[in-house]
Amino acid sequence: MQRSLSGITNTEAEQDGDPALFARIAADLEETGFSINPASLATSLVDSLHSHVVSMNEAKFSAAGVGRGGNFVRSQFVRTDEICWIEGDSPAGRNWLNWARALQKYLNEKLLLGLFSFESHFSHYGTGDYYKRHKDAFRGEANRVLSLVLYLNPGWTSEDGGELVIYKNDDDLDGIRVTPLLGSLVVFLSEEFPHEVLPAARDRYAIAGWYRVNSSVFDKVDPPL
Ligand code: OGA
Ligand code: MN
């Protein structure tokens, strides 16, 4: 097994996460509520997720919906991408889930966020696909508290469109643009930031994930039916 300079094996570093990256995410979240990190995770993990998503049978993806449970609707007005939930049935998916668990543990210890569970899916935007401005959670519903997006597109340029735009305030017209380039990781508080995906000019792949708190403490059944 290859050893890095720190003496940590590559596999260990992948699964336990990079302490410097975790510390930066925690500091950014405390300061601004969001964190944008180019070249974030171990290259070997990002590369394996990229190979996996591009080789996945199209049949595994299904049209993305909006809302949960009985409110779930497929609305072309809001979003046109396709998704595939990550359940840990591939080595790349399992390594991703382990990484996400390590970040969860770190943020719970460092920021006392009480993150309780994690869910994530691959997303595929074909040419012209978009996701209109939305929030991932609504205040008081006590569901998703922290959103993650990891991009899986080598060689993405500004001509390829498909940027994520994060708005700092509800009525802002201008936002922070993030290029969905391979290895870039975005983390933000789900209730705080409206965001959108601009139409992509070529196939665009990413993982979107969310940590939840255990909302049964708010006297609701979690997950809601
Ligand atoms: C989402 C989302 C952003 C992106 O899936 O909820 O906002 O850049 N994704 O893919
Ligand atoms: Mn979103």
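User: Which residues in helix 3 meet which residues in helix 4?

Analyst: This is a predicted model, in which local features need pLDDT of at least 70 and side-chain atom pairs count only at pLDDT 80 or more, while totals for chains, interfaces and linings use all residues; side-chain values use heavy atoms, with hydrogens and water left out. Residues are numbered from 1 along each chain as its sequence is written, and chains are lettered from A and ligands numbered from 1 in the order in which they are written. Helices (H or I, at least four residues) and strands (E, at least two) are DSSP runs numbered from the N terminus, and contact means heavy atoms within 4.5 Å. On the side of helix 3 the residues are Leu45, Ser48, Leu49 and His52, and in helix 4 they meet Ala92, Gly93, Asn95, Trp96 and Trp99.

User: How do the residues of the contact of helix 3 with helix 4 divide into nonpolar, polar and charged?

Analyst: Ala, Val, Leu, Ile, Met, Phe, Trp, Tyr, Cys and Pro count as nonpolar, Asp, Glu, Lys and Arg as charged, and the others, Gly among them, as polar. On that basis the contact of helix 3 with helix 4 holds 5 nonpolar, 4 polar and no charged residues.

User: Is helix 3 oblique or parallel to helix 4?

Analyst: The axes of helix 3 (residues 43-55) and helix 4 come within 9 Å and cross at roughly 135 degrees. Axes are lines fitted to C-alpha atoms, for helices over the stretch in contact, and angles run from 0 to 180 degrees between N-to-C directions. Angles under 35 degrees count as roughly parallel, over 145 as roughly antiparallel, 65 to 115 as roughly perpendicular and the rest as oblique. Helix 3 is therefore, relative to helix 4, oblique.

User: Is the crossing of helix 3 and helix 4 left-handed or right-handed?

Analyst: A crossing is left-handed if the near helix is turned anticlockwise from the far one by less than a right angle, and right-handed if clockwise. The crossing of helix 3 and helix 4 is left-handed.

User: At what angle do the axes of helix 2 and helix 4 cross?

Analyst: Helix 2 (residues 19-31) passes helix 4 (residues 91-111) in a right-handed crossing. Its contact surface includes Leu21, Phe22 and Ile25 of helix 2, and Trp99, Leu103 and Tyr106 of helix 4. The residues of this contact divide into 12 nonpolar, no polar and 2 charged. Helix 2 and helix 4 are oblique to each other, their axes coming within 10 Å and crossing at roughly 50 degrees.

User: Which residues coordinate the manganese ion (ligand 2)?

Analyst: Donors are N, O and S atoms within 2.8 Å of the metal (3.2 Å for Na, K and Ca), and water is not among the atoms, so sites may look incomplete. The donors of the manganese ion follow the spacing H-x1-D-x58-H along the chain. At 2.1 to 2.2 Å, the ion is coordinated by His134 (NE2), Asp136 (OD) and His195 (NE2).

User: How many residues apart are His134 and His195?

Analyst: His134 is buried (under 20% relative accessible area, against over 50% for exposed and partly exposed in between, with a 1.4 Å probe and protein chains only), its relative accessible area being 14%. His195 is also buried, at 4%. The pair links distant parts of the chain, His134 in strand 5 (residues 131-134) and His195 in strand 10 (residues 195-197), and they are 61 residues apart.

User: How far apart in space are Val197 and Tyr130, C-alpha to C-alpha?

Analyst: Val197 lies in strand 10 and counts as buried, because its relative accessibility is 7%. Not counting residues up to four places away in sequence, Val197 touches several residues, among them Tyr125, Tyr130 and Arg204. Val197 and Tyr130 are 67 residues apart in sequence, and their C-alpha separation is 5.3 Å.

User: With which residues is Met56 in contact, leaving aside its neighbours within four places in sequence?

Analyst: Met56 lies in the loop between helix 3 and strand 2 (62-63) and counts as buried at 9% relative accessibility. Met56 and Cys84 are 28 residues apart in sequence and 9.6 Å apart in space, C-alpha to C-alpha. The contacts of Met56 beyond those neighbours are Phe61, Cys84 and Phe122.

User: Is Leu112 buried or exposed?

Analyst: Leu112 is placed in the loop between helix 4 and strand 4 (117-125). Its phi is near 50 degrees, a positive value in a residue other than glycine. With a relative accessible area of 71%, Leu112 is exposed.
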